[in-house]
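Subject: Structure for you to look at

Hello,

Here is the structure I said I would pass on. Please open it first and keep it beside you while you read the notes that follow.

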Amino acid sequence: MSALVSLVVPVRDAASAKSRLAADGGAEAHARRAALAAAIALDTVSAARAARQVGELIVVGALPQPIEGVRVVDDPGFGLLVAIGAGLAAADPAAPTAVLLGDLPALQPEDLDAALVAASEHHWAFVPDAEGEGTTLVVASAALPHSLRFGPGSAEQHRDAGYVELEIPERSGLRRDVDTLEQLSALGLLAESGVVLLGPHTSALL
């Protein structure tokens, strides 16, 4: 059995998160964007907390509402990589560590579990997004440092940095991050056809 993983999830405050989910600059669109950002974060973190391979779960930033078993640490405020670094610094140094992006509303606990078990066979591993360009999850064995490359083209950069790409089906909610209205619409269609299962908070808004 693989060791439980210390998981870090960066979550921006919903008031400023996911700016590309607002169709225009109106107050109604921004209110909907903030509600969607909060729902997506809650569904992602709730699914991660339910995963059996996850030990401690650290959110960096803010959650719209508390989730039992989740520790929240302050975001230093200097971008994504610094936020992730703050979470990793607070993690158990004796455990494997992982970073999961907080915008995966169709994430299922069993999908995360399968990825973490597969990752335990490697020193470093990662999961690309559905487009194959970005990254949704990175994992490192206990006592090994990360070499994080989140941002445009991060999948290729993580490969170059020594992370092994895990073979996760494209339909998996673990690969379906949401940054744009187009991605949200595509995910909604997949949910309607039963390909993915949206978390309850996001589903209620779509």
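A143 sits in the loop that links β6 to α4 (154–160); helices (H or I, at least four residues) and strands (E, at least two) are DSSP runs, numbered from the N terminus. The phi of A143 is near 75°, a positive value in a residue other than glycine. With a relative accessibility of 71%, A143 counts as exposed. Buried means under 20% relative accessible area, exposed over 50%, and partly exposed in between, with a 1.4 Å probe and protein chains only.

Some notes on how to read the rest. The model is predicted, so local features need pLDDT of at least 70 and side-chain atom pairs count only at pLDDT 80 or more, while totals for chains, interfaces and linings use all residues. Residues are numbered from 1 along each chain as its sequence is written, and side-chain values use heavy atoms, with hydrogens and water left out.

**The sheet**

Seven strands make up an open sheet with mixed pairing, in the order β3-β2-β1-β4-β6-β5-β7. Two strands pair if DSSP finds at least two bridges between them. The edges are β3 (70–73) and β7 (164–165), and each has a single partner strand, so one side of each is left without a neighbour in the sheet.

Strand β6 (residues 135–140) runs antiparallel to β5 (residues 124–128), and five bridges join the two. Within this pair, F126 is opposite V138, and V127 has L137 as its bridge partner. The two strands form a hairpin with six residues between them, and G132 in the turn has a positive phi of about 80°. β6 is also joined to β4 by four bridges, again antiparallel; here T97 has A140 as its bridge partner. Is β6 enclosed or open?

The buried residues of α3 are P109, L112, D113, A115, L116 and A119. They cover an arc of only 165° around the axis, which puts them on the same side of α3. The arc is that of the directions from the helix axis to the C-beta atoms. These buried residues pack against α1 as well as β1, β2, β4, β5 and β6. Contact means heavy atoms within 4.5 Å.

**L166**

L166 is in the loop between β7 and α5, and it is buried, with a relative accessible area of 5%. L166 and A115 are 51 residues apart along the chain, and their C-alpha atoms are separated by 7.2 Å. Leaving aside neighbours within four places in sequence, L166 is in contact with A115, A118, A119, H122, A125, F126, V127 and P128.

**Helix α5**

Helix α5 (residues 181–192) has 12 residues and spans 16 Å from its first C-alpha to its last, close to the 16 Å expected at 1.5 Å a residue. The expected span is 1.5 Å times one less than the number of residues.

Which residues of α5 are buried? They are Q183, L184, L187, G188 and L190. They cover an arc of only 160° around the axis, which puts them on the same side of α5. What covers them includes α1 (27–50). The face turned away from this buried side carries the exposed residues E182, L189 and E192.

Q183 counts as buried at 18% relative accessibility. Not counting residues up to four places away in sequence, Q183 touches E131, D177 and V178. Just after α5, G194 takes a positive phi of about 85°.

**The database record**

In an unreviewed entry, UniProt lists residues 47–148 as "domain: MobA-like NTP transferase". UniProt positions are given in the numbering used here, feature names are shortened, and annotations may be inferred rather than shown by experiment. Over residues 47–148 the chain is 25% helix and 26% strand, and the end C-alpha atoms are 23 Å apart.

Regards
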